[in-house]
Amino acid sequence: MPKFKNLTDIETIYRKSVKTIVLKVKRPYVRSPYLELETVSNPVDVYQVLQAIFAGLDEDQEHLILLVLNFMGEITGYKLVSSGGQDRAIIDTKVLFRNALLLGASKIILAHNHPSGRIDPSKEDLSVTAKVVEAGSTLDIEVLDHIIYASQGFTSIRQLVPEIFTLEEASGS
């Protein structure tokens, strides 16, 4: 019969220094740490925040950004969740929501860039968005939008395909 290890030596989230939590305090997209939290109410507001975030990232790679909001729609943090190649970045739903939970998200907004500069969503973009919306519903974390970013413009998947964000319509109920 196998013996159990001493469980007091196992690393837990409480013993680790989690880098994600530090991001909640650092808001480089805000000009001053003394300003109030940035409230976003439409995709143009989100795009303005994303311009500052993406300015620090390589333009020739696709990056996935998670914006975390409180229940009042104020951005309380963000996380660069994934960086990939020139035509894709992996979106691991588990990692995405782990970060959202650690940052205390009530709501989230996804954003990723297309290095090609094209802002139209691919089939994969729409599929992943639907998957994230469904997972968010299970966790009571509302997915407000998924923005496709380019330096010269953006596309809001919510504005383009709003039914993805309504589970009843998407599931046929």
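Mentor: Let's talk through a helix and then a strand.
Mentor: This is a predicted model, where local features need pLDDT of at least 70, side-chain atom pairs count only at pLDDT 80 or more, and totals for chains, interfaces and linings use all residues. Residues are numbered from 1 along each chain as its sequence is written, and side-chain values use heavy atoms, with hydrogens and water left out.
Trainee: Which residues are buried in helix α3?
Mentor: Thr93, Leu96, Phe97, Asn99 and Ala100. Buried means under 20% relative accessible area and exposed over 50%, with a 1.4 Å probe and protein chains only. Helices here are DSSP runs of H or I, at least four residues, and strands are runs of E, at least two, numbered from the N terminus.
Trainee: Why are they on the same side of α3?
Mentor: Because they cover an arc of only 155° around the axis, taken from the directions from the helix axis to the C-beta atoms.
Trainee: What's on the face turned away from the buried side?
Mentor: Lys94 and Leu101, both exposed.
Trainee: And what caps the N-terminal end of α3?
Mentor: Asp92, with a side-chain oxygen 3.0 Å from the backbone nitrogen of Lys94. After α3 comes Gly104, with a positive phi near 70°.
Trainee: Switching to β1, how many of its residues are buried?
Mentor: Seven of the seven, so β1 is largely enclosed by the rest of the structure.

Conventions
Polar contact = N/O pair within 3.5 Å; in protein donor to acceptor, adjacent residues only side chain to side chain.
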